[in-house]
Amino acid sequence: MIARIPIGPWELALVVFLACVIVLNSFLSPYFLDFYNLIDSTFSFSEKALIALPMALLIIAREIDVSVASIVALAAVLMGVAADLGANTPTLVCLGLATGTLAGLVNGTIVSLLGVHSIVVTIGTLSLYRGIVALIAGDEAFTGFPADFAWFGQHYLGNYVPVEFVIYIIATVAFGIVLHMTTFGRKVYALGTNPEAAVYSGVSHTRYRLVLFALTGLMCGLAAVLLTSRLGSVRLNVATGWELQVITMVVLGGVSIAGGTGSIFGVTLAVFLIGLLTFGLSLVNVPGIVMNIYIGLMLISAIALPRLFDFVSNRLTADK
């Protein structure tokens, strides 16, 4: 499996950056390398990282979904309403997954049938889903979740490893296999590299878009289950700003915003890079708004640096 996953200069650079972050944070705080602190830090990024996995496939296929945070909020609020009405844990989990999948299918259907660019469609559904959340929740907080529902977001396997993190690792392996070792993954790359040629080769734009958007919605629903389970309550502003962080994880991981290139390995490295960076900054009391500035700078750098390298490389080649 490892031999078939593309590991290029960008992934190697991420390994170096990750090592630098670990070394720097270990000097800034004596608590950074504590095992229990490190494992608990995964709570801060596992849910967003789950959404980054299907987002990587979407962007590789030249699509994008900026409504993911709103889908998480919609699924979470509907679970909150159901919990207050007495729904049990299996019902809540199924409701969260179904809501996310349905919202993703709505995005994919509009993109496929109307031919509108996905960024335009999902900006619209971002407002739509968040508006529904505001209509349902208002200023109310939903807290009536059953006690066993907390297992997903608060339980540890073997008293050490969070269930959330285990789910993320399993999902990462699954998405890595699908993208890098199956016909489906090759066709996703084909759609991003040359859509016209892919269509002539028999790849259905409509079917693959629907599957990718539905898969993204499903993972948003799963993230909503884990987030709601961890917090034990739901409010209007749940998951606010997640879309920026998810897209940053994907693009920083080496997935080209123009489509056609990228790997799950790179996205995984970016997830840990951002996660450990923000964890280290929180240990030295850096405000959250400052962390958002760093994340924004990382997103801009991830988009700009490859273009800068290509420009310099082309100029050097032309001079020769």
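Predicted model: local features only at pLDDT ≥ 70, side-chain atom pairs only at ≥ 80, totals over all residues.

**Surface first, then the inside**

Q: Which helix is Leu 113 in?
A: Leu 113 sits in helix H5.

Q: And which residues form a nonpolar patch on the surface?
A: Leu 113, Leu 114, Val 116, Ile 119, Val 120 and Ile 123 do, and together they have about 560 Å² of accessible area. Two elements each supply two or more of the patch residues: helix H5 (89-114) and helix H6 (118-137).

Q: Which one gives the most?
A: H6 gives the most to the patch, with 3 residues.

Q: Take Val 72. What does it touch?
A: Leaving out residues up to four places away in sequence, Val 72 touches Ile 51, Cys 220, Ala 223, Ala 224, Leu 227, Ala 239 and Trp 242.

Q: What follows H12?
A: Gly 254 does, and its phi is positive, near 100°.

Q: Switching to charges: how many salt bridges are there in the whole structure?
A: A search finds 3. One of them pairs Glu 47 with Arg 230, with the closest N and O atoms 2.8 Å apart. Glu 47 lies in helix H3 (residues 46-60) and Arg 230 in helix H11, so this bridge ties together parts that are 183 residues apart in sequence.

Q: Are those two buried or exposed?
A: Glu 47 counts as buried, since its relative accessibility is 1%. Arg 230 is partly exposed at 27%.

Q: What else does Arg 230 meet in a salt bridge?
A: The side chain of Glu 164, at 3.8 Å from N to O. Shared partners join Glu 47, Glu 164 and Arg 230 into one network.

Q: And Glu 164, buried or exposed?
A: Buried, with a relative accessible area of 1%.

Q: Which residue does Glu 63 meet in a salt bridge?
A: Arg 209, with 2.9 Å from N to O. Glu 63 is in the loop between H3 and H4 while Arg 209 is in helix H11, so the pair connects parts 146 residues apart in sequence. Glu 63 is buried too, at 10% relative accessible area.

Q: Last one: where is Thr 268, and what is it in contact with?
A: Thr 268 lies in helix H13 (residues 264-283). Apart from neighbours within four places in sequence, Thr 268 is in contact with Tyr 168 and Thr 172. A polar atom of the Thr 268 side chain also lies 2.8 Å from the backbone oxygen of Ile 264.

Q: Is Thr 268 buried or exposed?
A: Thr 268 has a relative accessible area of 16%, which means it's buried.

Note on methods:
Residues numbered from 1 in each chain as written. Heavy atoms only, no water. Patch = residues over 30% accessible without salt bridge, like charges linked within 9 Å, V, L, I, M, F, W, Y side chains within 5 Å. Areas by Shrake-Rupley, 256 points an atom, 1.4 Å probe, with all protein chains shown as cover. Salt bridge = Lys/Arg side-chain N within 4 Å of Asp/Glu carboxyl O. Helix = DSSP H or I, 4+ residues; strand = E, 2+ residues; numbered from the N terminus. Buried < 20%, exposed > 50% of the residue type's maximum accessible area, 1.4 Å probe, protein only. Polar contact = N/O pair within 3.5 Å; in protein donor to acceptor, adjacent residues only side chain to side chain. Contact = heavy atoms within 4.5 Å.
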